[in-house]
Amino acid sequence: MTHHLAPFDDLKIISSTQPDPDAFTLCAIARNEMYFLPAFLAHYRKLGVEQFAILNDRSDDGTTEYLLAQPDVVMLPSYNANGDPVELSETLEGLISRGRILYIWRSLLFDRFAKGRWGVQVDLDELIHLPEGTTFQDLARRLDAEQAQVAMGVMLDLYPADLATLAAQRDDKHLDPDTGWYFDGEPHLALLAASPPKMQHPGARARLYQTYGLTELYPKFGITTPMSRFRRMRKTRLGLRILPYNTVHKPVMAKWPDGALFSSSHNTNIAASTQVLLPMPHYRFTGALYRKIETAIRENSYCAGSRDHHLMAELLKRMGEKKGVFTYRKSLPLGDFDAFRKGGIALGL
């Protein structure tokens, strides 16, 4: 373990399943995720995950009982909660962007389950896709040949065709990952050496927020964008340039070295592969969104006072008033892996 993180490590295994040091492990943080869990576990087992290390953040919707019944799940709780601020040492202050326990949890999980060997870390609503017949073990050999230690994923916010379809899913108990989903089918990122990827398309949320006029609310939530640059570049041959909103890259696969840290959920202090980019459908606009918005706003438990959930609540309101749709001219249906290649999203696969 990175010794500076030791004071924050209160993670104790409470499941009957004990860690297998040789198993390919996926790490995740769960908070009331019964909507996603069945599809999540089934999806990643098919991709070669042999063990799940899940930090259970005070779930009370059946997640705890469900995880304890899974023979390949190692479950760990914490005395802290996702949104808890922490006081960082002088050493960590310059390495972690905000004093949130969430970022330290991510480092602790990889320290314990992927130190010196490959592992995956994603959220429960993120399902990485690989070419048919490919496993993470295959990908690990590909990354070893490059001498890479991290592979980035591109977060593709998925959405149904329109708001009516989303509203019809509101009472669904579990996610159906294969029915009627779309994503923005254009290149989102360019991989760079020794620096985070360069954003080429800011993703579906940024597009929708601009389409429905939510960028006017950005200053209210302290969101800054390079406005002067975009005023100069705003008109392009293809139309209006979309203002960025959220980060769409994420380090999702790592062979975690000594001293590695998550500086945020989207960056580490080690360079990522310049050849491999993994498409990661992010099931953001699902029936579970309504409950997530209500919980996040009530508990104020997400980044910057759950500002994204406030914006999504306003987005759904405005889309309802205008009978809005999620799709646009470059939307592609979620299907086989060729859809990601067609959209210029999957690289090196």
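These legends walk through a few close-up views of the predicted model shown above. Residues count from 1 along each chain as its sequence is written, and side-chain values rest on heavy atoms, with hydrogens and water left out. In this predicted model, local features need pLDDT of at least 70 and side-chain atom pairs pLDDT 80 or more, while totals for chains, interfaces and linings use all residues.

**View 1. An open sheet of 7 strands, with mixed pairing.** The strand order is β3-β2-β1-β4-β11-β5-β12. β3 (73–77) and β12 (277–282) stand at the edges with a single partner strand each, so one side of each has no neighbour in the sheet. On average, neighbouring strands are turned by 25° against each other, direction ignored. Strands here are DSSP runs of E with at least two residues, helices are runs of H or I with at least four, and both are numbered from the N terminus. Two strands pair if DSSP finds at least two bridges between them.

**View 2. The antiparallel pairing of β4 and β11, with helices packed on the sheet.** β4 (residues 118–121) and β11 (residues 249–255) are joined over 3 bridges, and Gly 119 stands opposite Ala 254 in β11. Helix α4 (residues 101–113) touches β1, β2, β3, β4 and β11, and its direction makes about 155° with that of β1. Helix α5 (residues 136–146) touches β4, β5, β11 and β12, at about 85° to the direction of β11. Contact means heavy atoms within 4.5 Å; axes are lines fitted to C-alpha atoms (for helices, over the stretch in contact), and angles run from 0 to 180 degrees between N-to-C directions.

**View 3. Strand β5 and its two partners.** Here, 8 of the 8 residues of β5 are buried, so the strand is largely enclosed by the rest of the structure. Buried means under 20% relative accessible area, exposed over 50%, and partly exposed in between (1.4 Å probe, protein chains only). Val 150, Met 152, Val 154 and Leu 156 point one way, and Ala 151, Gly 153, Met 155 and Asp 157 the other. β5 pairs with β11 in the antiparallel sense over 5 bridges, with Gly 153 opposite Lys 250. With β12 the pairing is parallel, over 6 bridges, and Leu 156 has Pro 281 as its bridge partner.

View 4. The buried residues of helix α1 (residues 37–46) include Phe 40 and Tyr 44. The ring centres of Phe 40 and Phe 52 lie 6.3 Å apart with planes at 55°, so the pair is tilted. Rings of Phe, Tyr and Trp (its six-membered ring) pair if their centres lie within 6.5 Å; planes under 30 degrees apart count as stacked, over 60 as edge-to-face and the rest as tilted.

**View 5. The tilted pair of Phe 110 and Trp 256.** The ring centres are 5.1 Å apart, with 45° between the planes. Phe 110 belongs to helix α4 and Trp 256 to the loop between β11 and β12, so the pair ties together parts 146 residues apart in sequence. At 1% relative accessibility, Phe 110 counts as buried, and so does Trp 256 at 0%.
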